[in-house]
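Me: I would like to learn how to read the features of a model such as this one. Please take them one at a time.

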Amino acid sequence: MHKQAQVWVVDDDSSIRWVLERALKQAGISNESFADADQLLQRIETETPDVIISDIRMPGTNGLQLLAQISESHPQLPVIITTAHSDLDSAVASYQKGAFEYLPKPFDLDEVVAITERALAQARERNMETPQLEDLPGTEIIGEAPAMQEVFRAIGRLAHSNITVLINGESGTGKELVAHALHKHSPRAARPFIALNMAAIPRDLMESELFGHEKGAFTGANAKRAGRFEQADGGTLFLDEIGDMPAETQTRLLRVLADGEFYRVGGHTPVKVDVRIIAATHQDLEELVRRGEFREDLFHRLNVIRIHIPKLAERREDIPRLMQHFFQSAADELGGEPKVLLPETEEFLVNLDWPGNVRQLENTCRWITVMASGREVHLTDLPPELSRDVTETAERSEADWKELLQRWARNELVQGKQHILDQATPAFERVMIEVALQHSQGRKRDAAELLGWGRNTLTRKMKELQM
Ligand SMILES: Nc1ncnc2c1ncn2[C@@H]1O[C@H](COP(=O)(O)OP(=O)(O)OP(=O)(O)O)[C@@H](O)[C@H]1O
């Protein structure tokens, strides 16, 4: 008789175990949960589940170690890895160690159930490949935002392949970083990664840059020179701003991709190479194809797998960590302690538009490291082109709060209330005092000064307001 499928959940967080148990049960999937991996490892000596869902960080054996052991002892058993501390390394490591799927928390329960069902289906078919066990050097790409987690998952999934990838994203979003990570996590990692920006090379030098040239091929070609394709042999060639590639180079590139060989400029013997292409662009290539500016056949060759990198304004939650990271590297490079942002400075920076994306943020952190005098960064320490926005934001927020206050007051009066200042004034003073105290880090004398009161007035007011 066919026994009912069993899912085992491991998580040290009892509330997560609880929601998972309920969600799986509601979906008709019988399950059992464990508070740590060691209990599970003990049980699995005598019994085998159909699927395991495991957290990464747990006391005792962690999720990745568990995954490694299970892959050895039960190579057919799908393991779904979940984690709240999601970074590229854990995503890639999970797939490398053979995880069935990697899910950053907070997860969508419907998604967990759907993935579990897929894993169960696959477990039934028992046709999983034996996972490979290997460790990888870390790549620091910061990204807790959901959209970046998608990017990490894509890198993890592609880790074993040599497939052509097209990366889309505005300038400065980290396309080259992602391309490099794809290379570092590929079977070509030990071979060269060569990056070339189409927008930065003069048109008439592009062919020789890509394919090299023979001695005497053109004026100034005094010696034979290998092009980027030859340099990248066995490895990866990253073609940035592919949308800027001139038509004739597109034609040549297409031929190289089809034949795996090319001629150096002025050369007559074909050169054979084995190169993985990763292309990137900030442009809409489909639109370029429609306008006849990009070859459709080349587009299809490049557009096998597409990774979209969101602009920085779409992942503001990552800004504080990115800035910390850039302050740290600026300090390592330039000496001294890394700068620290005051809360209001951080809030201001998190809410800017960042049209230059991560690169602009990085440059801003370097500028601040060099120019700000103290360790703590005040709003007034920001580069002038950013602080212009400070004044605008201040004006806007003043208009905002006055309008809200008006709305509140009208509403109170409409409801027939009287003496409305008795409620408004203390609320107003309380807000002002709280902000001033936060700003002065709790020092009352400084807070009084910021408010324009004497120290005794502040003490009296705080007593009256029972603060
Ligand atoms: N998520 C990230 N974590 C850490 N550093 C990042 C991240 N994204 C980008 N950077 C850094 O920001 C800078 C710009 O990134 P990168 O050069 O990869 O962008 P790009 O999209 O290729 O830009 P362009 O299209 O203008 O060449 C680099 O110094 C890179 O290291």
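**Helix α19 and burial**

Me: How many of the 10 residues of helix α19 are buried?
Reply: Helices (H or I, at least four residues) and strands (E, at least two) are DSSP runs, numbered from the N terminus. A residue is buried if 20 or more other C-beta atoms, placed from the backbone, lie within 10 Å of its own, exposed if 12 or fewer, and partly exposed in between. In helix α19 (residues 455–464) 1 of the 10 residues is buried, so the helix lies largely in the open. Just after α19, Gln466 has a positive phi of about 55°.

Me: What is the numbering, and what kind of model is this?
Reply: Residues are counted from 1 along each chain as its sequence is written. The model is predicted: local features need pLDDT of at least 70 and side-chain atom pairs count only at pLDDT 80 or more, while totals for chains, interfaces and linings use all residues.

Me: What does the protein chain average in pLDDT?
Reply: pLDDT is the predictor's confidence in each residue, from 0 to 100. The protein chain averages 87, and 95% of the residues score at least 70. Over residues 127–139 pLDDT stays under 50. For the complex, the predictor gives an ipTM of 0.97 and a pTM of 0.63.

Me: Is Asp89 buried or exposed?
Reply: Asp89, found in helix α4 (residues 88–96), is buried, with 20 other C-beta atoms within 10 Å. Asp89 and Ile141 are 52 residues apart in sequence, and their C-alpha atoms are 8.9 Å apart in space.

Me: Which residues have the most contacts inside the largest nonpolar core?
Reply: In soluble globular proteins, nonpolar side chains tend to be buried together. A nonpolar core is a set of buried Ala, Val, Leu, Ile, Met, Phe, Trp, Tyr and Cys residues joined through C-beta atoms within 7 Å. The largest one has 73 residues, and those with the most contacts inside it are Val79, Ile80, Ile155, Ile167 and Val178. Both domain 1 (6–136) and domain 2 (150–310) give residues to this core, so it lies between them; the domain bounds come from an automatic or database domain assignment. Apart from this core lies another, of 14 residues, including Trp354 and Ile368.

Me: Which residues are closest to the ligand?
Reply: A residue is near a molecule or strand if its C-beta atom, placed from the backbone, lies within 6 Å of it. The ligand is surrounded by 18 residues, the closest being Ser171, Gly174, Lys175, Glu176 and Val358. Elements α7 (175–184), α13 (319–334) and α15 (357–371) each give two or more residues to this shell.

Terms used
Contact = placed C-beta atoms within 7 Å.
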